[in-house]
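Good morning, and thank you for coming.

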Amino acid sequence: MADFVDMWVYLSQTPLFGLAATLVTYVSAHAVYDRMNRAPWANPVLWSVVCIGCVLVATDIPYPTYFAGAQFVHVLLGPAVVALAWPLWQRRSEIRRRGMALMLGAILGGLAAGGSAVLLAWAFDMPTEVLRSLAPKSVTAPVAMGIAERLGGVPALAAVFAVLTGMVGALSAKYLFNLLRIDSWAVRGFAIGTASHGIGAARALEVHPDAGAYAGIALGLQVVLASLLMPLVFRWLS
């Protein structure tokens, strides 16, 4: 037992711990996800976060120690987002025909996503820093952190809100779309990409290629529009 404890202490302090823990946990969670017929509630990202968080808390391992290894996976986020361009290229003529409608939908969807969060925070009299951190919640986490910093919010808090938003969208979108009787994969994908950014787009890609393609373009439009317009809107309102 003492040897096991010594080995655990050694491994938990090395960068490889974060990398190994992330890969093993996600692969295991994804295996369960497949066995559950990819039910939304079995989302592997959600359960990976829960399991790794519980391990870090139970073993008192600092997050920076874990991230020293997990950052190798984090670096792959950029190429993964760029890879979403391939299904868009395959549907380029169709997207070109719907260009104006997609742009209008992105503007209105982004306004609804960010505006509703800000209004709720204002209605509950939350601190200004929280309000400004909530505004970019439907933009992918790295970009949301940068926008929040420019708005005067807290980047770390913005990242938490963005991840939670993505999780909620990935878990609930299927049931909401069925309830609203929305059958078009393009509409489903664009909606979840607008509201739930990368995590929602990943879920859409698993469900249907058309949903994944439109989720990717919605994600890209939200990143560009939010980066350009949110600072201007908050500066105008100040």
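This is a predicted model: local features need pLDDT of at least 70, side-chain atom pairs count only at pLDDT 80 or more; totals for chains, interfaces and linings use all residues.

C54 counts as partly exposed, at 48% relative accessibility. How far is the sulfur of C54 from the closest cysteine sulfur? That closest sulfur belongs to C51, and the distance is 6.7 Å, too far for a bond. For those new to the term, a disulfide is a covalent bond between the sulfur atoms of two cysteines. To count as one here, the two sulfur atoms must lie within 2.5 Å. A search of the whole structure accordingly finds 0 disulfides.

Let us turn to the surface. Which residues form a nonpolar patch there? They are V224, L228, L229, L232, V233, W236 and L237, and together they have about 760 Å² of accessible area. I draw your attention to V233, which lies in helix α13, residues 209-237. With a relative accessibility of 40%, V233 counts as partly exposed.

Which helices supply at least two residues each to the lining? They are α8 (99-123), α9 (128-134) and α13. Of the contributors, α8 gives the most, with 9 residues.

D60 is not a glycine, yet it has a positive phi of about 60°. D60 is found in the loop between α3 (44-59) and α4 (63-74), and it is exposed, with a relative accessible area of 68%. R181 likewise has a positive phi of about 60° without being a glycine. Where is R181 placed? It sits in the loop between α11 (155-179) and α12 (185-207), and R181 is exposed, with a relative accessible area of 74%.

Finally, consider helix α2, residues 15-35, which holds D34. D34 is partly exposed, at a relative accessible area of 36%. From D34 to G18 there are 16 residues in sequence, and the C-alpha atoms of the two are 24 Å apart in space.

Definitions and conventions: Residues are numbered from 1 along each chain as its sequence is written. Side-chain values use heavy atoms; hydrogens and water are left out. Buried means under 20% relative accessible area, exposed over 50%, partly exposed in between (1.4 Å probe, protein chains only). Patches are made of residues with over 30% relative accessible area and no salt bridge: like charges are joined within 9 Å, nonpolar side chains (Val, Leu, Ile, Met, Phe, Trp, Tyr) within 5 Å. Accessible areas come from the Shrake-Rupley method with a 1.4 Å probe; for residues, only the protein chains shown count as cover. A salt bridge is a side-chain nitrogen of Lys or Arg within 4 Å of a carboxyl oxygen of Asp or Glu. Helices (H or I, at least four residues) and strands (E, at least two) are DSSP runs, numbered from the N terminus.
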